[in-house]
Amino acid sequence: MTTSRRRLLLAAATALALTGAAHADPPPDAPEQIDNGDFSAGVSPWFSYGTGALAVTDGRLCTTVAGGLANPWDAGIGQDAVPLVAGAEYTLGFSVSATPGTAVKAVLQLGSAPYTTYAAVDAAATGTAQRVEQTFTVPDDNPGAQLIFQVGGSPEEQTVCLDDVSLRGGEPPEPYEPDTGPRVRVNQVGYLPGGPKNATVVTDATEPLPWQLRTGAGAVVASGTTTTRGVDAASGQNVHSVDFSGYRTPGTGLTLTVDGETSHPFDISGTLYDQLRSDSLQFFYAQRSGIAIDGDLIGDEYARPAGHLGVAPNQGDTSVPCQPGVCDYSLDVRGGWYDAGDHGKYVVNGGIATYQLLNTFERTRTAATADGGAGLADGTLRVPERDNGVPDILDEARWELEFLLRMQVPAGKPLAGMVHHKIHDRNWTGLPLAPHEDPQPRELHPPSTAATLNLAATAAQCARLFAPYDAAFAARCGTAASTAYAAAKAHPAVYASPADATGGGAYDDTNVTDEFYWAATELYLSTGAQTYLADLSDSPHHTGDVFDRRGFGWQSTAALGRLDLATVPNGLPAADLARVRASVTTAADAYLAELRRQAYGLPMPGDANSYFWGGNSNVINNAVVLATAFDLTRDPVYRDGAVQAMDYVLGRNALNISYVTGWGEHAAQNQHSRIFGHQLDPSLPRPPAGSLAGGANAALQDPFAAQLLAGCTPMFCYVDDINSYATNEVAINWNSALAWISSFLADQGDAGAVPASTCSVDYTNYGAWQGGTGFTAQLTIRNTGATAVNGWSVRFAFIGDQRVREAWLAKVTQSGATVTARNESYNVRIAPGGTVTFGFNATTTGGANPDPGLVTVNGAACSLS
């Protein structure tokens, strides 16, 4: 039994049931506090522990309970987020049956230590359903109490069923009024000196208003008048906008004053996002499964034992069987990242998260502002693998890649090469719960085509990106990728069931044409094989519009393939490559137009359908497209759009909240998580700095938000409470988007003017040697500027395992895939219009070998001939 579960159950066992006293019944119109008590909506939000799977049978919630459990509290069925009002009368009622028969106790309690019991109701359950009701007075306020039905302790196996669970009483909740702070909404982190600087003002005024920008000492350094915007559809507010982009002086603690209100303080700095790059990536280490988390790396409060390594009370993940009837084997699926607020691990969500970390690194080879990856080098992150000669972001991505590889169906088994969709607890667990204290059995769920293609795509990325660092691992990834892709083509329509949502999310997807396109693209980029080029070219997504106005995500991955085709060097015909790149800038233009339409400056429409579960990540993914358009074109309008999009995430929104923990004056800090449960148990930590909340969700798919926020306008459909998983969860695929854009923003420095190119490069590959073990290439650099270059350093990157063996006419070194060539003493100067040439021989084991997409001279990008 886990420590926390033992504390919970001992508290319940020693508390007195509130019986024998006279109580007045709650009034007939007393509010109902239990969600889905008649189970007409299925199992959610009920959870269980120590039982079989929960299922609704004939309108009742039923489960099996093993015989021989030592205590009643060793198995239970429960619901969290039950609001209670001190001194109020409540009637708890339920219908219960058990076959062959057992005692059942309903306990209404505090959901965390010290697990105070508010009421306990006993029932002798038999094969015939009976109705039990009891009225009591609650002594304490608790907006998030827990109801547990203790169903263990019988010597025989039992089938227990519940129906019509009701807790009536208390008071209707007071209308929720969020504390939105000052009516001047800014990016609470700040602004880049040369970048856009915009704010939104909530006001009744219909005419322009004066504004003042002040330093931390109170001095006015800029002023102007607002622009009226009318009523913003997404927030329902009458708003004005302020543009103070003309002020470019760095400073700290600045404020903006408009209409008698002063904003939260913010900075103007070219280093604003350096730490956010680190923090957003640090989230993944904190989410790791199968490893003890080292407090010396990320803080003592986050230290914890390894979760799910087969050490009791864990029942996984070193030998996990399938759900009954799915397979006849068990797999070692240790490692990876816990997906979100639960302890599940899902291939399709892990896939896009891994892609974005790998792509964040790959961008350092293709983007002029990335400085060759200095900000993501080995030793830049707080991970245990640091200083191992491998960039830390690749180390972090590998932790998930190893898990994804373990999820592949073994050779010789039915559906060999396919990938299991997910692995998680048999039943939902309550909040909070540390991973190493999870007592639930773990199960592999059926393979799916979507999961298989996610492995194919990310393993193909792995094959090229790890090739310079770990050839054996890269080869393993390449084999797994091609095997998975072949298996998916053989089984193109194996879909995850939307009903498979007990103990974990379904992550169902019945259109996998986008995953096929993405996987074919990654395999083509890594191998250069014509079969993959043919498949991606034949896909309707290759020429279709893959950039939805509401962004891309785990269920829509065609954009991932398109972005990589546009940026990663490849052998597409020139006209096709130009069309692919133009599609990125066309999408970016549409996002810019939307951003300008929105009074809060985000690249997302303002209707309710644009505010959905995890929508903050989609806002950021649209910013990723804008950033990629900048990398392709060097047009600062796209960079400015990406920069401005982050204003919404970091505080320029109707709620005046930064959705990133630890970043901003008023930031989210109570995200839904079993690990980071400080709101429920003060001995536990809050989510670490850099954790992104899902954000406003007009659908309100959890009972806490549905009750608290009913009738909200879209941008107000969020609450920073651990009980709201539909608006306030954390997730790896949301933080991967944050990590990508944070790295891009950190690379922009002051966001100053983009310098004109003053060099051009002609790269010539003279072809493969006999046997294909290497090739010879030459670069000619031309000075297209007006002044001489005195001393030069040329940098470019290969795509895979290519390695310079020897060079001439330059001093050449290589780190990973990145090649640096420096002048010799006799060719140090390049006159205006002049050229310098050097060449090399390089080895390779095969795969794609395109010309580099980026060559820099002394850090500045050159045009490519």
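## Salt bridges

In this predicted model, D640 forms a salt bridge with R639, and their closest N and O atoms are 3.5 Å apart; a salt bridge here is a side-chain nitrogen of Lys or Arg within 4 Å of a carboxyl oxygen of Asp or Glu. D640 is partly exposed, with a relative accessible area of 25%, whereas R639 is buried at 6%; buried stands for under 20% relative accessible area, exposed for over 50%, and partly exposed for what lies in between, with a 1.4 Å probe and protein chains only. Salt bridges that share partners also join D317, K345, D425, D438 and R442 into one network, and the count of salt bridges comes to 32.

R442 counts as buried at 2% relative accessibility, and D317 counts as buried at 0%. A further salt bridge joins D607 to R550, with the closest N and O atoms 2.9 Å apart. This pair links distant parts of the chain, 57 residues apart, since D607 is in the loop between α12 (574-597) and α13 (615-633) and R550 is in the loop between α10 (540-543) and α11. D607 is partly exposed, with a relative accessible area of 26%.

## Buried helices and residues

Helix α11 (residues 558-567) has 10 of its 10 residues buried, so the helix is largely enclosed by the rest of the structure. Among its buried residues are the charged R562 and D564, as well as L560, L563 and L565.

In helix α5 (residues 392-406) is L394, which is buried with a relative accessible area of 0%. L394 and F361 are 33 residues apart in sequence, while their C-alpha atoms are 7.5 Å apart in space.

## Aromatic pairs

The whole structure holds 28 aromatic pairs, in which rings of Phe, Tyr and Trp (its six-membered ring) have centres within 6.5 Å, with planes under 30 degrees apart counted as stacked, over 60 as edge-to-face and the rest as tilted. The rings of Y485 and F516 have centres 6.3 Å apart and planes at 75°, so this pair is edge-to-face. Y485 in helix α7 (residues 471-490) and F516 in helix α8 (residues 513-527) are 31 residues apart, and the pair links distant parts of the chain; Y485 and F516 are both buried.

F796 and F840 form a stacked pair, at 6.0 Å centre to centre and with 25° between the planes. F796 belongs to strand β31 (residues 793-797) and F840 to strand β36 (residues 835-843), 44 residues apart, so that distant parts of the chain are linked. F796 is buried at a relative accessible area of 2%, and F840 is buried at 1%. Ring pairs link Y763, F775, F796, F798 and F840 into a cluster.

## Numbering and model

Residues are numbered from 1 along each chain as its sequence is written. Local features need pLDDT of at least 70 and side-chain atom pairs count only at pLDDT 80 or more, while totals for chains, interfaces and linings use all residues, and side-chain values use heavy atoms, with hydrogens and water left out.

Technical notes
Helices (H or I, at least four residues) and strands (E, at least two) are DSSP runs, numbered from the N terminus.
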